[in-house]
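This report covers ring contacts, charges over rings and one annotated span. The structure comes first.

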Amino acid sequence: MTAFNDVGSSVASAVAVEGTRESVPSLGPSNVTANATSSTTIVVKWGEVPFEHRNGQIEGFKVLYGPVSRSATVNTIGSSVQVKDIPNNATFTTTLSIQATNDIGASGWSAESAQVRTLSAAPSKAVSGVKVVPITTTSVRVTWDPLPIQHWSGDHSTGGYRVLFQPVSDFPTPLQQTPKQDVLGIEVSQIILSDLSKDHNYEILVVGFNSQGIGPTSPPIPVYVGEAVPTGEPQHVEAASISPTEVRLKWTPPVQSQQNGDLLGYKIFYLVTESVNEVNSEDLVEELEVVPASYTSHSLVFLDKYTQYRIQILAFNPAGDGPRSSPITVKTMQGLPGLVGELKFTEITMSSLRVSWDPPKKKNGELLGYLVTYETAEQNEKFSKQVKQKVTEAELTVQGLEEEVTYTFSVRAQTLDYGPPVKGNVTTGPQEGSPAQPKLLSLAKTVASVEMHWANGATGKGPILGYYIQCKRKDDTRWTTVIRTSNGPLEEFSVSYQNLLPSTSYIFRVIAYNTFGISYPVYSDDNVLTPSKLYLEYGYLQMKPFYRQTWFMVALAASSIIVIIMVVAILCVKSKSYKYKQEAQKTLEESMAMDIDDRQQLAMELYRSRHATGWGTLNSAGSTRVGTLETLGRKTPHLPPGKSPPRPSPACVAYHSDEESLKCYDENPDDSSVTEKPSEISSSESQGSESENESVRSDPHSFVNHYANVNDTLRQSWKRQKPKRNYSSYTDSEPEGKKRVRCFSPPNASHSRIN
C-alpha cells in the first residue's frame, strides 16, 4: 500500500496476505458414471468440481445410490468408488448422485447418472421347508417351500430345483457324483424319488439353480427306505356329542392292503368352526390328540360348550403319517351361560334408574333372556323387599324405588337354566359430579297454567342438560314426573292444567341433572289448586285463539264444501259443452260433403216443416196431396242408421222470422217445376214420421243447443219431416204435372229457381 499527494507517492508498505472465508461448494461433481462389475458391486466415477465452485478445500464426496424404495450413502476421497454389498436381486435398478463436501458443508447433489443394473447370479438363498415321506418301500415324496423371486438374482426364467440323494455311508461321496434329479420352474414344490434301494437310510437335500450356477444347499434330511406310510385313511368315522364338553368318536382301521406295515397309532385333529361364544382368532388353532393303534374309539373332553368342531383322523406307522379321513362336523350340547358383563347404572333419579350390562362372552347355548333381582342393601321394615324380573334385552329401567336408598342388583343369563349372578350396588338420588340444588322455587297461577321460577346452583362436573319437573298430590306419597326437559339450563317453566287433574291440590319440585346424575330437589312452599273440570272444559276453551274455536272450524269446513261443489259443476259443464260441440262439428263436416241437390232438398223440407198450413189441399177423394222434396225429380237419400243427417246449404236456410220466410216465397207462375210421383210421396212420408215427432219435441232454447251453437230450425232440417194433412205444395186448379216449388233465402239474397 502507498500514499500519494500532488508531489508524488510514498514508499510501498510491507505485503500482507489474507484469504477469503470458506463456504459450502456451490456445485457438485460432473460426469458421473456407474458400471456393474458383479451381482453385488458397482464402480462409480466422477469428474472434479470446477475451481470457482469449490469455495474452499474439498474434503470428500458422498455417493447416493439405491432403488426407489431405499438409498444409502458412501463417504470417499478421490474420483471413484466401488459400491459393494448391493442386494443381489433382479429388481435392483438404480441411479447415482455425487455430493462434494468441505469443512463448512456439502454441495447440492450432482445430476443423476444413467440407470445401472447389477449382473445376474446364482440363487442367493438356500431352499427351506424340506420334508421327505416314504410312500412305498422303494420310493419317497420330497416337498419344499419355493424360493421368492427376489432370491433368484435376476435370472428366474432359467431357474429350477435340484434334488440330491444318496445312501448314508461311512465314506462321503463328492457332490458332483451324488445322484440327482432336476425340476425346472421356480414354483415347483415337490418331486417323487423312485427305484431307491430297499432297507437303506438315505440323505436328501434340495438346492436351487439357474443358468448362472447353483445356490446354497438345504440341510440334509435323513429317511429310511423300506417301510411306506399308510396309503389309506381310517374308515367309517363317526362323532356324537354326549355332553356340553365331550364328543365320542368311533372309526375302523384303514384297509389292510393300504396300511403298509404295522400301524403305530392314530392322530385325531379337531378345530373350532362355529361358536356362539366370543373366540379370539389366536385361539382358532387345530388341536391334536394321539391314541394307540388298538383304539377304534375315543372321547374328546374339555371342549367348548355349544360349539361346532371339524374332526379328521389319520393312521401312522414308522414310515410316517397316512392321509387324513374326510372331515366331519359335530356340535356340543348346550350348557349353563357364563357371567354377564359388569353392571352399569345410568339415569339415576330419586326413585328410578336404568341398569344395563353386556351379554356373557360364554353364552354356551341359545340365550333366552336374563333374570334381574334387586333388593335393599339394608333391611328396613317399611319398604324392604326383593323384586325379580325377567327381561330379554341387556337393560332394564326400574321405577318406584325409595329415595336415597341403597339397592343391590344381580343379573343372571339364561339358556337351559340360569348362570352365575353378577352383582352391583347403587344408591338413588344425587351422584358424584351432579349439579347443586336449585334455589328459590316460586309458583304463580295463570289462566291456563302454573308458572314456575327458580335459580340455578352450581353445574357440577358437567353442564346442566335439563330438569325433572315433578308434582305430588297433597294426599299422595309418590312424586310424578310431569316432564323431563333436555334443552339445557332454564330458570322458568309452565305446566299446563291439561297435564294435571282438576280440582286437585299439588306440590311441585324441580331437579336439575347432567351426565353424572341429578341434583337434590327444590320444593315449592305453597300448594297449587287446579281449576274445576267445568272450567277446563268451557271457560278455558274461551281462551283459545280463533283458529281453534268451533265456529271457525265449522265455517272453514262449509267453505271447503262449497268450493268443491263449484269446481265439480264447472267441470261437468265444460265436459258436456265440449261433447256437443264435437257432435255439431261432425254434423257440419258431413253436411258440407253433400252435393247441391241434397242441400236444396233438405232446405225445402225445413221450410215446409215450419209452415205446415197452406202447402196442400184435399182432393175429391178426401186424401191429401202433398208436395215434397221429391219434386226435384229424385228420391230423398236414405241416411244410414245412427248417423246424423247433413246440414243444408247456407243459401237455403232461413235466418229470419216466419213471416219474412213467407215473403221470400216466390209466386211467379212462370217458374218451371219438376214433378214427383204420388207413390214416392207416400214412401218419404212413412220414413220421416218418427224423426219429425222427435224434432217437434226439441226445445230450440235448450242447454245443449245453446252450448252446441245449433239452431233448432237447422236441427229440424237434419231430419226428414212427415207431411201434414192440412197443406200441399200445389193446388187443385193446377195441372198434376205442373207443381211449383220455391227455395227460400234471406231477405237480401237472390232467389234460386229449381225446375
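Buried here means under 20% relative accessible area. By that cut-off, Tyr 270 and Tyr 309 are both buried. The model is predicted.

**Aromatic pairs**

The structure holds 13 aromatic pairs. Two of them are set out below.

| Pair | Centre to centre | Angle between planes | Class |
|---|---|---|---|
| Trp 144 and Tyr 161 | 5.4 Å | 50 degrees | tilted |
| Tyr 270 and Tyr 309 | 6.2 Å | 65 degrees | edge-to-face |

Why is the pair of Trp 144 and Tyr 161 tilted? Planes under 30 degrees apart count as stacked and over 60 as edge-to-face, with the rest tilted. The planes of Trp 144 and Tyr 161 stand at 50 degrees, so the pair is tilted.

Trp 144 sits in strand β10 (residues 140-145) and Tyr 161 in strand β11 (residues 160-167), so their pairing ties together parts 17 residues apart in sequence. Trp 144 and Tyr 161 are both buried.

Tyr 270 belongs to strand β19 (residues 265-275) and Tyr 309 to strand β22 (residues 307-317), so this pair ties together parts 39 residues apart in sequence.

Ring pairs also build a cluster. Its members are Phe 345, Tyr 374, Tyr 407 and Phe 409.

**Charges over rings**

Arg 162 places its charged end over the ring of Phe 209, 4.8 Å from the centre. Over the face of Phe 316 lies Lys 267, at 5.3 Å from the ring centre.

**Annotated span**

An unreviewed UniProt entry lists residues 551-573 as "transmembrane region". In the model, that span is 100% helix and 0% strand. The end C-alpha atoms of residues 551-573 are 33 Å apart.

Conventions. Residues are numbered from 1 along each chain as its sequence is written. This is a predicted model: local features need pLDDT of at least 70, side-chain atom pairs count only at pLDDT 80 or more; totals for chains, interfaces and linings use all residues. Side-chain values use heavy atoms; hydrogens and water are left out. UniProt positions are given in the numbering used here, feature names are shortened, and annotations may be inferred rather than shown by experiment. Helices (H or I, at least four residues) and strands (E, at least two) are DSSP runs, numbered from the N terminus. Rings of Phe, Tyr and Trp (its six-membered ring) pair if their centres lie within 6.5 Å; planes under 30 degrees apart count as stacked, over 60 as edge-to-face and the rest as tilted. Buried means under 20% relative accessible area, exposed over 50%, partly exposed in between (1.4 Å probe, protein chains only). A charge sits over a ring if NZ of Lys or CZ of Arg is within 6 Å of the ring centre and within 35 degrees of the ring normal.
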